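Trainee: Could we go through the terms used for this model one at a time, setting each value against its definition?

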Amino acid sequence: MRQLLDSEQLKAHKQRNLEHSAMLIGGIGLLVTLAATLLWGLGGVAVSLICIGILLLLAPSIPPSAIMKLYRASKVEPGNDQLSRIIDELTERAELPARPNLYLVPSATLNAFATGTPQNASIAITEGLLRRLTMREITNVLAHEMSHIRNNDLWLMNLADVMTRFVQSLSYIALALALLNVLGLFTGEPPISWWAVLLLYFAPAASSLLQLGLSRAREFDADLEAAMLTGDPMGLASALSRLERYEGRFWEDLAYPVPARRIPQPSLLRTHPPTKERIARLHELANRPALPQIVVVEEPMVSMIGTGPIEMRPRYRWPGIWF
């Protein structure tokens with residue numbers, strides 16, 4: 001596989017993945033363990049550690065097709081359409097062991113993500129992305145996801161997503177425990193620790209913030225590799241700028257969703273550093289060696305999924321997915 005990042009960058013990237021994995025597992029594990037200790041003592045700690053261990057074993061092995069079913073994505077069969085040709089070209093340039101499958105998500109949001117392993121990966125893009133971005137910009141977004149596949153970032157991203165959803169379930173337990181405490185006021189039952197209830201309730205927010213802080217360097221590396229794969233750093237900068245304009249800024253994810261506001265992204269996607277920093281770094285790549293630029297000719301495209309706002313309306317779905 002050709003080396004797009006230099007040896008020091010590759011070494012640093014692998015080291016970051018290892019450190020971030022430990023931070024993510026340790027941070028979420030600490031949240032769960034503290035809450036379990038307050039609720040059930042040492043027995044609760046043992047149960048929480050077993051649950052986390054099971055997640056560590058099972059999360060990376062979840063097949064990409066199962067993840068795509070959560071988002072009701074439809075597979076784009078390889079053919080002679082423009083998207084398939086772009087995927088084929090990027091797969092060849094990235095020298096991946098297998099061609100990633102491409103899926104379309106019936107959503108008006110503007111998002112893309114990858115899941116799986118380099119040997120069995122899938123990339124999903126939304127209908128909204130196809131409608132709003134040019135094909136040149138989409139090519140660079142796909143190259144960004146290809147870079148995550150090349151660098152084997154997907155193991156950590158899948159683990160982060162599954163563990164965050166596990167932590168989200170704790171907030172529902174917290175609501176049930178709070179209700180029991182309220183009922184206990186009338187029945188005279190001793191209350192469950194309110195500290196434990198509060199910790200469980202706010203654990204998902206803490207987990208999401210932990211994810212936000214883990215992958216800044218990883219995203220910068222993926223931007224760099226994507227620009228070198230396509231030979232078109234300005235194409236990726238244009239895509240990032242357009243996404244920022246349409247989708248808003250990351251702190252809006254922390255607000256409760258109301259009409260006309262941004263819809264919170266799936267936790268697989270809540271991992272990106274500020275767009276201005278990413279664009280600034282792309283502008284510095286003018287003199288960096290890269291592959292010849294992929295020239296994309298815009299072709300007419302009709303909606304591939306969905307027919308209107310009803311089918312594609314962003315809304316909450318089980319288990320905690322917005323699209």
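Mentor: A search of the whole structure finds two aromatic pairs, where rings of Phe, Tyr and Trp (its six-membered ring) pair if their centres lie within 6.5 Å. This is a predicted model, in which local features need pLDDT of at least 70 and side-chain atom pairs count only at pLDDT 80 or more, while totals for chains, interfaces and linings use all residues. Residues are numbered from 1 along each chain as its sequence is written, and side-chain values use heavy atoms, with hydrogens and water left out.

Trainee: Why is the pair of Tyr71 and Phe113 called tilted?

Mentor: Their planes stand at 50 degrees, with 5.0 Å centre to centre; planes under 30 degrees apart count as stacked and over 60 as edge-to-face, so the rest, this pair included, are tilted.

Trainee: What makes this a link between distant parts of the chain?

Mentor: Tyr71 sits in the loop between α3 (64–70) and β1 (74–76), whereas Phe113 belongs to strand β3 (residues 112–117), 42 residues apart. Both Tyr71 and Phe113 are buried, that is, under 20% relative accessible area with a 1.4 Å probe, protein chains only.

Trainee: Why is the pair of Tyr201 and Phe202 called edge-to-face?

Mentor: The angle between the planes of Tyr201 and Phe202 is 85 degrees, at 5.2 Å centre to centre, which is over the 60 degrees required, so the pair counts as edge-to-face.

Methods:
Helix = DSSP H or I, 4+ residues; strand = E, 2+ residues; numbered from the N terminus. Buried < 20%, exposed > 50% of the residue type's maximum accessible area, 1.4 Å probe, protein only.
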